[in-house]
Amino acid sequence: MTIKTPRVSTTALAALAAGVMSLAAPSAQAAWTLNMTPGISAMSREIYSLHMLMFWWCVGIAIVVFGFMIFSMVHFRKSKGAVADQHFLHSNRIEIIWTLVPVLILISMAVPAARVLVQTEDPVATELSIRVTGYQWKWGYEYLDTGVTILSTLSRDSNRARQLGSGIDPNSVPNYLLSVDHPLVVPAGVKVRVLITAQDVIHSWWVPALAIKKDAIPGFINEAWFDIDADKTGTYRGQCAELCGRDHGFMPIVLEVKSKQDFDLWLKKQQDALKQPAVTPSETTTTTTTTSQATTPATHVSAG
Amino acid sequence: MATTEHGAAAHDDHDHKPHGFWNRWLTTTNHKDIGTLYLVFSCIMFFIGGSFAMLIRLELFKPGLQFLDPALFNTMTTMHALVMIFGAIMPAFVGLANWMIPMQIGAPDMALPRMNNFSFWILPFAFTLLLSTLFVPGGGPAGGWTMYPPLVLQTGSALPLMIFAIHLMGASSILGAINVIVTIMNMRAPGMTLLRMPLFVWTWLITAYLLIAAMPVLAGAVTMLLTDHFFGTSFFNAAGGGDPVMFQHIFWFFGHPEVYIMILPAFGIVSEIIPTFSGKPLFGYDAMVYATASIAFLSFIVWAHHMFTVGMPLSSELFFMLSTMLIAIPTGVKVFNWATTMWRGSVSFEPPMLWALAFLFMFSIGGFSGLMLAIAPADFQYQDTYFVVAHFHYVLVTGAIFAIMGAVYYWLPKWTGHMYNMSLAKWHFWLSTIFVNVLFFPQHFLGLAGMPRRVPDYAVQFTDWNMVSSIGGFGFGLSQFLFPYLIWQCAHGGAKATSKVWDTSIGLEWELPSPAPYHSWVEAPSMATIEHGVASH
Amino acid sequence: MAETHAPADSTRYYLPHGSPWPILGSVALFCLMFGAVSYLNEWAGGWALIPGALLLSTMFFCWFGTVIGENQHGIYNDQVDRSFRLGMIWFIFSEVMFFAAFFGALFYARNFSVPWEGGEGVKVLNKLLLWKNFNPAWPTNGPAHIGGRADGTFEVIPAFSLPAVNTIILLTSGLTVTLAHHALRATHRGALTFWLACTFLLGFSFVGLQAHEYGEAYREMGLRLSTGIYGSTFFMLTGFHGLHVTIGAIMLTIIWFRVLRGHFTPNKHFAFEAVAWYWHFVDVVWLGLFIFVYWI
Ligand code: HEA
Ligand code: HEA
Ligand code: CUA
Ligand SMILES: [Cu+2]
């Protein structure tokens with residue numbers, strides 16, 4: 001499965017590059033994506049429409065301003081014999097107008113933006129809290145008060161293919177660089193809070209479908225929340241979005257969204273598994289183990 | 001203001017350039033020679049920084065790692081930015097300031113000529129330190145030009161090299177900025193009042209203030225990195241009561257003014273070129289000056305728009321979002337005034353004007369995406385993606401670099417005394433303009449589709465736009481070879497340039513012969529010359 | 001040497017010929033930086049610091065010597081003098097901004113990062129999940145008690161002990177340098193040399209006391225550069241300030257020697273004033289330090 005984004009079909013720009021396209025091996029997962037995903041929650045759609053609002057304002061302003069410039073260039077061109085009007089040099093009235101009009105436009109942008117911003121910062125009444133910890137270079141997840149933890153690293157086939165000169169065609173690897181061994185499992189239709197931090201350096205937890213990007217900062221907890229539409233179960237993918245060293249590009253985030261019932265079942269199963277005596281060593285590195293390390297803060301002291 | 005009533009240059013050999021490499025270049029105190037040194041240095045750095053960018057584009061041509069190890073890739077990204085910002089753009093502007101400010105304000109030279117030499121000659125040493133990081137154990141700096149701790153503290157032997165290089169660049173910029181301020185405040189010919197100064201002089205004056213206020217803060221920030229790494233301080237270490245985010249605040253308190261340091265002189269250049277090729281003086285001169293000053297002021301209170309995702313309190317997010325949006329207003333005033341300068345003008349399309357016009361359109365595109373980035377909730381989706389990369393290359397490459405190109409094409413005949421090859425210049429322009437858009441426009445799409453920046457490899461659905469972008473990059477890079485070639489040609493021959501060079505050029509520099517004499521205004525221009533040389537606003 | 005000649009024509013703005021000093025300065029800076037790098041990286045020790053420092057002092061000596069010589073020949077007119085003044089003012093401003101970075105760090109740590117780690121306001125989770133027993137009171141070396149004595153504790157230097165004495169010393173020196181300036185204007189050479197000597201002696205005693213204070217802090221109080229955020233901000237701020245006092249006092253001493261040589265006239269004494277400005281700047285920074293680092 002790919003990142004769920006609408007595939008806005010190719011436009012004039014794509015045509016420009018069509019020749020280039022023929023050089024490329026036809027890639028399995030369609031390309032030429034032009035726009036952001038509207039996402040899978042009310043909040044992500046709000047942010048998407050904010051983005052579109054800004055976009056259309058910019059297009060509009062561009063048409064007016066560029067239109068004016070092009071008109072002046074063409075209409076007053078010297079080669080056509082235009083003579084410069086040496087007296088048209090300033091006008092306070094015009095200056096005031098083109099100061100005030102942008103002010104109004106900006107206000108009309110700022111109001112919805114501020115409204116959405118306030119919402120994003122409002123993590124009250126969440127039902128489930130997940131602690132997210134960034135490591136060089138993997139993600140740790142802990143379902144608070146359940147003891148269930150997940151350690152999530154780049155899937156093995158992606159990892160093999162991404163080595164320098166591996167000779168493996170990335171197109172042959174499903175979800176190249178966007179798949180992990182153990183995805184984060186979350187319920188749909190539930191308000192979930194993520195508590196984001198890091199162990200070593202700064203990372204950033206970003207899932208485009210949720211429109212959440214929050215930096216994971218060692219020694220501090222950042223909060224974010226999401227509430228996925230009940231019908232949007234499935235797999236969604238994201239990536240670390242803050243340079244965190246050599247493998248920054250290789251610590252994806254995979255979200256498995258289950259219905260509330262399925263999620264509860266899943267969580268229960270994980271908790272039961274925890275109660276089993278001693279997991280075999282080979283399994284410790286995999287999914288469900290309580291890592292005490294995830295709950296004690298690192299006393300990061302810089303090297304040297 | 002009492003100035004040199006009887007002119008200047010209190011020594012015997014007025015137009016006699018010193019001979020020999022040592023005397024002419026190493027010990028020079030002449031503003032034109034120092035300006036040339038700066039410009040040549042900047043051009044070399046542009047090519048070095050550009051080759052790093054070419055390696056980046058090469059690796060990103062298709063998914064999978066083909067050429068660069070991820071750590072080396074990150075080093076390329078980091079060095080590309082540091083070299084371009086501190087090596088290419090800033091020295092280019094200082095070089096132009098050196099050449100043009102004394103000529104434009106009727107001064108014989110810069111006010112502090114020995115210091116002028118010092119501020120240039122620090123630079124080659126600074127970049128020796130910086131570029132030597134590529135060869136030290138542990139590899140070059142790979143934490144991005146923003147040098148965020150704790151990551152940057154994992155750098156090996158390169159860390160102190162990079163930090164001291166930055167200290168030196170800072171010292172150079174501060175000395176250069178002091179010189180510009182003193183020159184403008186103290187060396188203007190009698191009658192050259194503040195509100196008669198050409199806009200290039202104005203924008204540089206304001207830029208110099210930004211430099212003096214911002215560069216020491218960067219020096220402080222990197223000093224803290226140094227002590228955190230080597231002497232056990234805890235500025236950026238939560239365990240000791242510090243905070244990694246504190247670095248980001250200090251860095252961006254420098255960093256945002258820094259991006260305006262890289263654009264205000266460009267605004268000045270465009271404000272010189274557009275009137276000349278519109279056949280009439282700049283529209284709304286006073287408004288342009290005030291707008292520049294407002295941008296400079298605002299630039300100090302918007303820094304945290306680079307940090308919307310670090311988890312600031314809501315009130316801070318709101319404040320920085322709103323203050324950032326405000327910058328669109330004075331910038332808009334500038335764009336509108338430029339456009340209106342052409343209105344009812346007589347517009348011709350010589351090479352400098354082409355670059356200035358391209359600047360107008362493409363800088364605005366970069367500005368629009370900047371405004372989108374300013375919307376904090378939307379920035380959650382844009383931040384650290386190629387959308388940001390597209391934004392800042394539009395303002396930096398098609399903004400700053402294009403303006404610098406325009407400036408060179410505008411003043412080159414004045415410097416060399418020869419006209420250059422017009423059709424080659426137009427080729428350079430058109431190739432650059434087409435390829436630069438192929439290079440950077442698709443990066444908007446990549447960013448929106450979810451491609452993070454600073455990654456050496458990517459998921460396969462980003463392949464196609466990356467290929468387009470890389471091809472644009474190679475095309476743009478190759479086109480740049482025309483530029484030094486053309487300059488070389490022009491320096492060594494070509495039709496003689498008149499003192500005015502362009503039919504409608506206005507300004508004191510055009511009252512001097514081409515090539516301009518070694519000491520610009522040995523006698524300060526008379527009031528009549530100034531009135532003639534300065535547009536009546 | 002390139003810069004001989006030049007008629008004593010003070011109606012013109014003096015433009016020097018080529019000068020070897022700046023490039024010498026660049027080489028010196030390079031040696032210094034390279035020496036420091038090589039010391040920090042444990043490559044070959046800091047030996048390059050030595051030629052660097054020597055070259056740098058030579059450079060200053062010769063460069064300023066040249067400028068003083070030119071000035072003594074009367075080739076600087078008022079406009080040149082004004083250039084120097086403006087240059088010095090904006091140089092001091094850049095120094096102010098350098099200190100601002102460190103004051104900013106102090107401000108941020110005290111008002112944001114430390115309280116946040118202690119769970120203030122919306123940041124309550126930091127306390128609940130990360131730093132459970134942290135008491136975010138200032139002064140602090142952080143939740144992990146970095147540095148300090150063996151048990152992680154440390155003491156701070158009370159404001160109204162040596163620092164208060166140092167404040168009085170510096171404020172007095174600000175006064176004495178002003179008295180010296182008045183004496184210079186009034187051509188009272190005796191008073192001038194006396195007050196100026198007082199100023200730099202006070203300056204050096206400040207540095208001495210500060211060094212003594214550092215010694216105690218390191219040996220007995222567990223207060224070191226590595227003592228968490230308090231130690232970091234304390235030593236970086238006071239350390240850079242102390243460095244500036246030292247430089248200022250050295251410059252005052254040089255000025256004093258120049259006074260002995262009869263260099264300054266009542267209305268032309270830029271170097272004297274520049275150093276005095278610098279001294280006042282150092283003074284004001286200290287007031288900030290005394291208030292924000294030691295006192296509150
Ligand atoms: C020359 C350099 C330059 C310039 C001029 C700008 C200009 C602007 N920038 Fe940009 N910016 C950078 C260089 C620059 N930037 C760099 C290098 C980065 C990345 C750093 C890094 O992370 O490595 C960055 C990143 C950056 C971010 C952070 C993105 C992120 O990391 O998430 C933001 C967010 O607000 C931003 C905003 C803006 C805004 C609002 C402007 C405004 O000044 C733009 C104003 C201009 C216009 C708006 C267009 C013209 C106006 C009109 C035609 C008038 C009418 C318009 C309206 C009323 C809307 N920039
Ligand atoms: C300051 C100005 C500036 C300039 C002028 C440029 C110019 C260019 N930049 Fe740069 N760039 C930055 C500033 C700048 N950039 C910054 C601040 C960053 C962020 C860094 C970070 O994340 O920390 C960045 C990051 C950055 C990235 C993202 C890297 C990443 O996230 O990993 C990319 C990727 O495409 C890129 C590309 C380019 C290209 C192709 C050019 C071209 O315009 C360059 C064109 C010039 C030449 C090519 C030189 C001339 C030709 C030759 C030397 C001959 C060789 C030519 C061929 C082989 C064809 N830049
Ligand atoms: Cu983790 Cu980037
Ligand atoms: Cu900014």
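Predicted model: local features only at pLDDT ≥ 70, side-chain atom pairs only at ≥ 80, totals over all residues.
## Basis

Local features need pLDDT of at least 70 and side-chain atom pairs pLDDT 80 or more, while totals for chains, interfaces and linings use all residues; side-chain values use heavy atoms, without hydrogens and water. Residues are numbered from 1 along each chain as its sequence is written, with chains lettered from A and ligands numbered from 1 in the order in which they are written.

## Interface of chains A and B

The contact (heavy atoms within 4.5 Å) takes in 106 residues of chain A and 109 residues of chain B. The two chains bury about 9200 Å², with 70% of it on carbon and sulfur atoms; buried area is the accessible area (1.4 Å probe) that two parts lose on being put together, summed over both.

Four salt bridges are counted between the chains, each a side-chain nitrogen of Lys or Arg within 4 Å of a carboxyl oxygen of Asp or Glu. A:Arg246 forms a salt bridge with B:Asp69, with 2.7 Å between the closest N and O atoms.

## Site of ligand 1

Residues from chains A and B surround ligand 1, so the site is shared between chains. Of the 32 residues around ligand 1 (a heavy atom within 4 Å), those that come nearest are B:Trp145, B:Tyr260, B:Asp379, B:His391 and B:Arg453.

A side-chain N or O atom of B:His391 is 3.0 Å from a nitrogen atom of ligand 1. A polar backbone atom of B:Ala374 lies 3.3 Å from an oxygen atom of the ligand, and for a backbone N or O atom of B:Leu373 the distance to a ligand oxygen atom is 3.5 Å.

Notes. Polar contact = N/O pair within 3.5 Å; in protein donor to acceptor, adjacent residues only side chain to side chain.
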